[in-house]
Amino acid sequence: MARRGAAALALALALAPLAVVLAALRAQGAALQAPDPHAQETWSREPYYARREPRPEPFPPPLPAGTGAGGRGPSPAEPRPPQKATKPQKAPGTHRLAPQTPPPGKNSNRKGVRTKNSEKAASDDHSIPVAHDDVREGCPPLGLETLKITDFQLHASTSKRYGLGAHRGRLNIQAGINENDFYDGAWCAGRNDLHQWIEVDARRLTKFTGVITQGRNSLWLSDWVTSYKVMVSNDSHTWVTVKNGSGDMIFEGNSEKEIPVLNELPVPMVARYIRINPQSWFDNGSICMRMEILGCPLPDPNNYYHRRNEMTTTDDLDFKHHNYKEMRQLMKVVNEMCPNITRIYNIGKSHQGLKLYAVEISDHPGEHEVGEPEFHYIAGAHGNEVLGRELMLLLMQFLCQEYLAGNARIVRLVEETRIHILPSLNPDGYEKAYEGGSELGGWSLGRWTHDGIDINNNFPDLNTLLWEAEDRQNIPRKVPNHYIAIPEWFLSENATVAVETRAVIAWMEKIPFVLGGNLQGGELVVAYPYDMVRSMWKTQEHSPTPDDHVFRWLAYSYASTHRLMTDARRRVCHTEDFQKEDGTVNGASWHTVAGSLNDFSYLHTNCFELSIYVGCDKYPHESELPEEWENNRESLIVFMEQVHRGIKGVVRDFHGKGIPNAVISVEGVNHDIRTASDGDYWRLLNPGEYVVTAKAEGFTSSTKNCMVGYDMGATHCDFTLSKTNLARIREIMEKFGKQPISLPARRLKLRGRKRRQRG
């Protein structure tokens, strides 16, 4: 009996740890099944983590001794073959697209080699949590590229130096000019062996579904990982490797350094940490990689940190990516909703024949009203910088809805401003980027036009003409400080000018724009002109315009109202820290560009143009669009309102008729503007008192003191010009069919008569 009692006691003690393990599993499973009472569902579309999905098994705690990973269990699930996505969402498929290269700019649509996962793959039966494969869904990226994953969530075994640390292992991150600085183009391990790794801490249970990798961004070196393992953990100590049956699964990596490669896990895995363990790398290179992780964070009602930081929006807008056909349809819907304030038109066609559609928003669409300033937004000059395009489509929806709802601020803006929105200047490039998807296009797929031209710096270089004229001080000035003519060579058919560029130039010459913004991507900053350095051979130099103070204010008006641009705690996107100028930068002090849209607009038209870089990620996943809209919504409206800052008026003759092409000069500012066809003008100025002169050919000039206040709304400053005596004489003689007498010619004629009489 004593022996039996001892045996029973030993058996009970042996089963106790197993009971504890099973209890823990039930408790974690119940926690995951419980509904999230704090889930915020105020978006018009459900957040991805609020959708119904199968109950994943939670990641278990470390197993008791004796229950190793090699134990037999249920047969592993067959892996789902990789599929090409039909929508440009994150992780649209398991293929690779080659990035475009500069001129000739032809896109290489070569597909990458697909991941070899045809063999039987599944989790280890005792230690890998899986979600049911029959209802598998694609998860968005965690946010390495968008910086939602902070530097503190990235860790690595070793690194060559700080500039190649784990925090630089983000998809599409770009290296600095000097690649030995703090901002290099990847994570690079300190040693080349099989014990190196880089890991991400998701800070909550996450259903991981895939990994996207790139090599090192470098002009001089070729470093990338050709194969790797994937491991997950719930405590960062005990790691489980993704299996392909009985052995560890080896994922195929990159074959060059810029093409992103997606590998989907054979089955989704639930854990907090995920680790990439390189197994092979380019023969002549090192272990270097950039990456993005695809995963769906699971609801956690007990985590106040995540609930507090979730971004929501109450705007009922269409938060998705729109291809060309969908964009056109959305414009039509907005026009049908607000027919009295909207008009759809096109400014020309792309190289492939796609129309460049624009939407006008005004209380009298289709006509220029005297005294009402014209404003424009342009997006999509680089086809792969998609966020600006979608923000423009959201903006036109928002303006329509708020106008119908009677929002006083929007009603006033629409009734007092003629707004033009051109969401896609390079639709050919966008279609290429759309085909690749938001993660697999790399840094440059779709950037250029179909014929390989970068629209952003395809405009005539008028800076050089102006500066050369200013340097020739001893020669009479032939080049004005405004409305500089386009060189004849640029207008020839043989010039390397995109049809999209010519369409924009014609558009800007036709409409008297006062202020404009062109939305770009890949950074988070507002750049103002000049974009070209004045000193020869320099690549960076502060090159201010005569209106530098006005441009600084315009840039700051956008940056200061953006949710992130002026946040001192924000991490830099790639290499530049723009916080010293509050999220703004002079274009030439950043990098010189000849023939930019900003410089051309300032020197050839009345329009003050700025470049607005709206996000680190050029092509974010559509689940990020609501948050990006919230980041930029107020800024987009505030920037439009700046068109009403400064002075405005009409230049008339004594009969009350507007004088077109009259020159408006401000004392102390070496840049003039001109009146529109009806004689009205708008001059952007900061608050202060200004001496303003209006002059026109055949009229005497007129000068006034004009005060600009701090309140929103331009100061009226009208001018009435009288004709000069010579102009009056010409007008009288032309009225009676005679020409004015030229006194010098008359004297010569009389002298000729006298000579003939003497002879």
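Cys607 is buried (under 20% relative accessible area, with exposed over 50% and partly exposed in between; 1.4 Å probe, protein chains only), at a relative accessible area of 1%. The model is predicted: local features need pLDDT of at least 70, side-chain atom pairs count only at pLDDT 80 or more, and totals for chains, interfaces and linings use all residues. Residues are numbered from 1 along each chain as its sequence is written, and side-chain values use heavy atoms, with hydrogens and water left out.

**Overall**
- Of the 759 residues of the protein, 56% are buried.
- The protein has 15 helices and 24 strands, taken as DSSP runs (helices H or I, at least four residues; strands E, at least two) numbered from the N terminus.

**Disulfides**
- The protein has five disulfides, each a pair of cysteine sulfur atoms within 2.5 Å.
- With bonded cysteines counted along the chain, the pattern is 1-4, 2-3, 5-6, 7-8, 9-10.
- Cys188 and Cys288 are joined with an S to S distance of 1.9 Å, and the disulfide is right-handed because the torsion about its S-S bond is about 115 degrees.
- Cys188 sits in strand E2 and Cys288 in strand E8, 100 residues apart.
- Cys573 and Cys616 are linked with sulfur atoms 1.9 Å apart; the torsion is about -60 degrees, so this disulfide is left-handed.
- Both Cys573 and Cys616 are buried.

**Asn463**
- Asn463 lies in helix H7 (residues 463-471) and is buried at 1% relative accessibility.
- Beyond its neighbours within four places in sequence, Asn463 is in contact with Tyr530, Met532, Asp599 and Leu603, where contact means heavy atoms within 4.5 Å.
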